[in-house]
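Colleague: I would like to go through this model and ask what backs each label. Please set the values against the cut-offs.

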Amino acid sequence: MILVVGGAGYIGSHLVKELVEKEDVVVLDNLSTGHREAIDKRAIFVRGDLGNEEDLQMVFRSYPIKAVMHFAAFSLVGESVVDPLKYYENNVASTLTLLKVMMKFKVKNFIFSSTAATYGIPDVELIDETTKTAPINPYGQSKLMVEQMLADFSKSYGLNYVVLRYFNAAGAHESAAIGESHDPETHLIPIILQQLLGTREKVSVFGSDYDTPDGTCIRDYIHVTDLAEAHILALEALLSEEKSAETYNLGNGLGFSVKEVIETCERVTGVKANVEMADRRSGDPARLVASSDKIFTELGWKAERRLERIIEDAWRWHQKQPY
Ligand SMILES: NC(=O)c1ccc[n+]([C@@H]2O[C@H](COP(=O)([O-])OP(=O)(O)OC[C@H]3O[C@@H](n4cnc5c(N)ncnc54)[C@H](O)[C@@H]3O)[C@@H](O)[C@H]2O)c1
């Protein structure tokens with residue numbers, strides 16, 4: 001049985017939907033930002049908190065857990081600057097509690113949701129796993145701290161782990177049954193689609209004088225189902241003992257500028273966006289694009305779904321959005 005912590009959230013719920021086809025799944029989530037309706041009915045749901053040792057012990061006592069996939073975290077960069085305590089507490093201290101309980105119950109396989117924010121503002125065209133990590137906010141720092149704990153736990157206690165550093169997750173399940181629903185929403189594609197649906201007044205573009213072909217920032221978008229598939233490959237590699245301590249980037253290697261994303265949304269939906277040009281935000285690098293060659297070479301994974309497909313799926317979800 002696989003424990004998915006944070007399985008009611010955006011990315012976790014997509015992983016659960018794929019994983020229940022192959023494994024028995026128990027989801028632990030406190031629903032702080034997740035949605036009960038997003039959890040596939042074939043999974044067992046336990047409402048509980050990652051930082052609560054008793055909640056965790058109850059789960060490990062009740063189910064024969066062989067691996068843990070950990071999605072639960074707070075992930076608003078701006079909020080992490082205003083309130084770092086909240087981030088270090090939930091993302092680092094609570095994860096330490098989870099690892100402690102895992103060691104107690106001798107569960108040694110772990111997959112961790114990390115982020116491009118661990119790289120900060122790298123000075124390279126394509127970010128690979130050897131690029132220096134230098135987070136510029138407490139959110140990125142909190143994820144890097146967990147990565148460091150995992151390396152130490154691996155050496156000292158034999159923990160097997162895979163760290164997956166996602167770039168920008170986007171899109172929705174092809175059925176449109178689940179999709180992205182954050183409050184507040186800070187991600188570009190849902191913000192554009194909300195504007196096109198009329199639930200948001202305008203789309204602000206922060207900076208149009210970057211050193212990029214059209215002056216707007218370039219980012220790497222990855223379909224949430226591609227992300228889910230990468231997790232399943234990582235899980236298989238851990239369970240077959242093929243891998244024991246690895247870090248992989250997950251992106252599609254193609255950058256798209258903010259303007260290109262807006263234009264693609266307009267083309268896919270046939271609706272014109274109300275766009276406002278605004279000043280740059282501090283801490284926004286011109287370009288953040290991943291090389292995912294390592295996971296392709298080692299596990300055979302690559303992002304299959306391109307930007308149009310991401311937006312088509314997200315658009316169907318946003319039009320119906322049941323939760
Ligand atoms: N969305 C992205 O583009 C992106 C990019 C890089 C990394 N990540 C990472 O991926 C993971 C999932 O992101 P998401 O967008 O699905 O976020 P989300 O907020 O939709 O999901 C997080 C889930 O964890 C749960 N949770 C949070 N704290 C908890 C706690 N203490 N106990 C139990 N449950 C708790 C929430 O209720 C929610 O269901 C996060 O770790 C995030 O940092 C996301």
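Colleague: How far apart are the mean positions of the positive and negative charges of the protein chain?

Modeller: The model is predicted. In it, the mean positions of the 34 positive and 47 negative charges are 3 Å apart.

Colleague: How many helices and strands are there in the protein chain?

Modeller: The chain holds 10 helices and 13 strands.

Colleague: What makes the protein chain as compact as a globular protein of that length?

Modeller: The globule rule gives 20 Å for 323 residues, and the radius of gyration is 19 Å. The two values are close, so the chain is as compact as a globular protein of that length. The C-alpha trace spans about 55 × 40 × 40 Å along its principal axes.

Colleague: What share of the residues counts as buried, and what share of the accessible surface belongs to carbon and sulfur atoms?

Modeller: Of the 323 residues, 56% count as buried. Carbon and sulfur atoms account for 48% of an accessible surface of about 14000 Å².

Colleague: Which share of the contacts with a separation of 6 or more comes from residues 24 or more positions apart?

Modeller: Such pairs make up 76% of those contacts.

Colleague: Which residues have the most contacts inside the largest nonpolar core?

Modeller: That core has 38 residues, and V4, L15, L19, L164 and L250 have the most contacts inside it. Elements that give two or more residues to this core include β1 (2-5), α1 (10-19), β6 (160-166) and β10 (245-250). Helix α7 gives the most, with 9 residues. As a general point, nonpolar side chains in soluble globular proteins tend to be buried together.

Colleague: Why is L31 called buried?

Modeller: The cut-off for buried is under 20% relative accessible area. L31 has 18% relative accessibility, so L31 counts as buried. L31 lies in the loop between β2 and β3 (44-47). The phi of L31 is near 60°, a positive value in a residue other than glycine.

Colleague: What is phi for A176, and why does A176 count as buried?

Modeller: A176 has a positive phi of about 65°, although A176 is not a glycine. The relative accessibility of A176 is 5%, so with a cut-off of under 20% A176 counts as buried. A176 is found in the loop between β7 and α6.

Colleague: What is the omega of the peptide bond from D183 to P184?

Modeller: Omega is near 5°, and the bond from D183 to P184 is cis. P184 sits in the loop between β7 (168-170) and α6 (188-197).

Colleague: How do you know that L307 is buried?

Modeller: L307 has 3% relative accessibility; the cut-off is under 20%, so L307 counts as buried. L307 is in helix α10 (residues 307-320). Leaving out residues up to four places away in sequence, L307 touches I189, Y221, F256, V261 and T264. L307 and E260 are 47 residues apart in sequence, with a C-alpha to C-alpha distance of 9.9 Å.

Colleague: What makes V205 count as buried?

Modeller: The value for V205 is 2% relative accessibility, which is why V205 counts as buried under the 20% cut-off. V205 lies in strand β8 (residues 203-206). Beyond residues up to four places away in sequence, V205 touches several residues, among them T216, V258, I262 and M277. V205 and R61 are 144 residues apart in sequence and 49 Å apart in space, C-alpha to C-alpha.

Note on methods. Residues are numbered from 1 along each chain as its sequence is written. This is a predicted model: local features need pLDDT of at least 70, side-chain atom pairs count only at pLDDT 80 or more; totals for chains, interfaces and linings use all residues. Side-chain values use heavy atoms; hydrogens and water are left out. Helices (H or I, at least four residues) and strands (E, at least two) are DSSP runs, numbered from the N terminus. The radius of gyration is taken over C-alpha atoms; the globule rule is 2.2 Å times the number of residues to the power 0.38. Buried means under 20% relative accessible area, exposed over 50%, partly exposed in between (1.4 Å probe, protein chains only). Contact means heavy atoms within 4.5 Å. Accessible areas come from the Shrake-Rupley method with a 1.4 Å probe; for residues, only the protein chains shown count as cover. Lys and Arg count as positive and Asp and Glu as negative; His and the chain ends are not counted. The place of a charge is taken as NZ of Lys, CZ of Arg, CG of Asp or CD of Glu. A nonpolar core is a set of buried Ala, Val, Leu, Ile, Met, Phe, Trp, Tyr and Cys residues joined through side-chain atoms within 4.5 Å.
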